[in-house]
Amino acid sequence: MDSVRLIDQWPVDNAAVAVVRADGTLLGAHGDRARVFPLASVTKLLTAYTTLIAVEEGAVELDQPAGPEGATVRHLLAHTAGLGFNEHRVLAPPGQRRLYSTAGFEQLADAVTEHTGIAFERYQREALLQPLGLPDTVLTGSVGAGAESTVNDLVRFAAELQRPTLLHQTTLDEATTVAFPGMSGVLPGFGHQKPNDWGLGFELRDHKDPHWTGKRSSPRTFGHFGQSGTFLWVDPEAGVSCVALTDRDFGPWAAQAWPEFTDAVLAELG
């Protein structure tokens with residue numbers, strides 16, 4: 001794919017990208033796919049998926065209490081538990097507002113640890129990272145923003161998000177459908193969105209504008225981007241996923257370059 005070479009025009013020192021189908025077929029890649037990059041909030045996809053595995057195993061239930069009083073695992077996954085961004089402080093009653101919260105994911109991991117009896121990092125390693133063969137993916141900090149990985153590893157995860165082997169398809173379908181519909185809120189880096197739709201840990205494209213994916217991206221597109229200059233999206237209509245990792249923090253450069261890149265990828269795929 002020629003479009004993946006557009007990352008050479010990005011104002012970053014290092015970048016790597018890959019486009020992958022559900023069966024793991026690599027359609028295009030560019031850059032050092034073995035280089036380790038900090039994921040920032042793309043980490044939340046790994047944390048959410050780990051939690052969903054725990055749900056399927058019966059160790060955790062989506063509607064059991066977790067986090068602030070009145071909140072549940074579902075609220076924490078969907079950023080509706082009312083917690084602040086990085087503070088373990090309640091700013092709103094559960095289910096009232098879409099407040100994007102890294103602190104909420106930390107409380108989510110605490111709930112998984114409590115109900116499985118296994119430290120979250122170990123549980124994630126044994127339930128997700130090892131089965132998918134992600135040797136270079138390591139949780140070095142917060143479960144909301146502290147993992148490191150490579151494009152090689154995330155290509156395997158991106159294939160899993162298209163054709164799950166560790167979850168039932170129905171579970172992934174629920175996780176990528178709007179949870180608590182109609183809520184507005186701020187999409188970090190892109191301002192207030194009405195509605196600001198999220199699934200269970202997955203940010204949903206829907207009809208948001210502006211957005212970090214492209215104009216060609218289908219409304220069913222889901223994924224996440226990270227402050228460290230990283231993103232992973234899955235477009236079920238196009239039948240592909242894309243991973244991009246860089247070593248420059250998100251900013252105006254990314255808000256302009258990423259949608260243009262995504263549109264070029266989707267256009268080339270036809």
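The model is predicted: local features need pLDDT of at least 70, side-chain atom pairs count only at pLDDT 80 or more, and totals for chains, interfaces and linings use all residues. Residues are numbered from 1 along each chain as its sequence is written, and side-chain values use heavy atoms, with hydrogens and water left out.

**Strands and pairing**

- Helices (H or I, at least four residues) and strands (E, at least two) are DSSP runs, numbered from the N terminus.
- Two strands count as paired if DSSP finds at least two bridges between them.
- Two bridges join strand 3 to strand 5 (residues 147–149) in the antiparallel sense; Phe37 has Ser149 of strand 5 as its bridge partner.
- Strand 1 (residues 15–21) runs antiparallel to strand 11 (residues 240–246), with seven bridges between them.
- Strand 1 also pairs with strand 2 (residues 26–31), antiparallel and over five bridges.
- Ala16 has a bridge partner in each of these neighbours: Leu245 in strand 11 and Gly31 in strand 2.
- Four residues lie between the strands in the hairpin of strand 1 and strand 2, where Gly24 takes a positive phi near 90°.
- Six of the seven residues of strand 1 are buried (under 20% relative accessible area, with exposed over 50% and partly exposed in between, for a 1.4 Å probe and protein chains only).

**Nonpolar cores**

- A nonpolar core is a set of buried Ala, Val, Leu, Ile, Met, Phe, Trp, Tyr and Cys residues joined through side-chain atoms within 4.5 Å.
- The largest core has 57 residues, of which Tyr49, Leu77, Leu128, Phe157, Leu161, Phe202 and Leu232 touch the most other members.
- Helix 1 (residues 43–56) supplies the largest share of this core, eight residues.
- Another core lies apart from it and has 26 residues, including Val17, Val240, Cys242 and Phe261.

**Thr43**

- Thr43 is part of helix 1, and it counts as buried because its relative accessibility is 1%.
- The side chain of Thr43 reaches the backbone nitrogen of Gly146 at 3.5 Å.

**Pockets**

- On a 1 Å grid over the protein atoms alone, a pocket is an open set of points with protein on both sides within 12 Å along at least five of seven lines, where a 1.4 Å probe fits; lining residues have an atom within 4 Å of a point.
- The largest pocket holds about 300 Å³ of space, a volume being the space filled by probe spheres set on the grid points.
- It is lined by 17 residues, and Asp173, Thr176, Arg220, Phe222 and Pro236 are the closest to its centre.
- Helix 5 (151–162) and helix 6 (169–175) each supply at least two lining residues of the largest pocket, and helix 6 gives the most, with three.
- That lining comprises nine nonpolar, five polar and three charged residues (Ala, Val, Leu, Ile, Met, Phe, Trp, Tyr, Cys and Pro count as nonpolar, Asp, Glu, Lys and Arg as charged, and the others, Gly among them, as polar).
- The second largest pocket has a volume of about 200 Å³.
- Of its 18 lining residues, Ser41, Tyr100, Pro188, Phe225 and Gln227 are the closest to the centre.
- Strand 9 (residues 222–226) provides the largest share of that lining, three residues.
- The lining of the second largest pocket has 10 nonpolar, seven polar and one charged residues.

How values were computed
A polar contact is a pair of N or O atoms within 3.5 Å; within protein, one must be able to donate a hydrogen and the other to accept it, and residues adjacent in sequence count only if both atoms are side-chain atoms.
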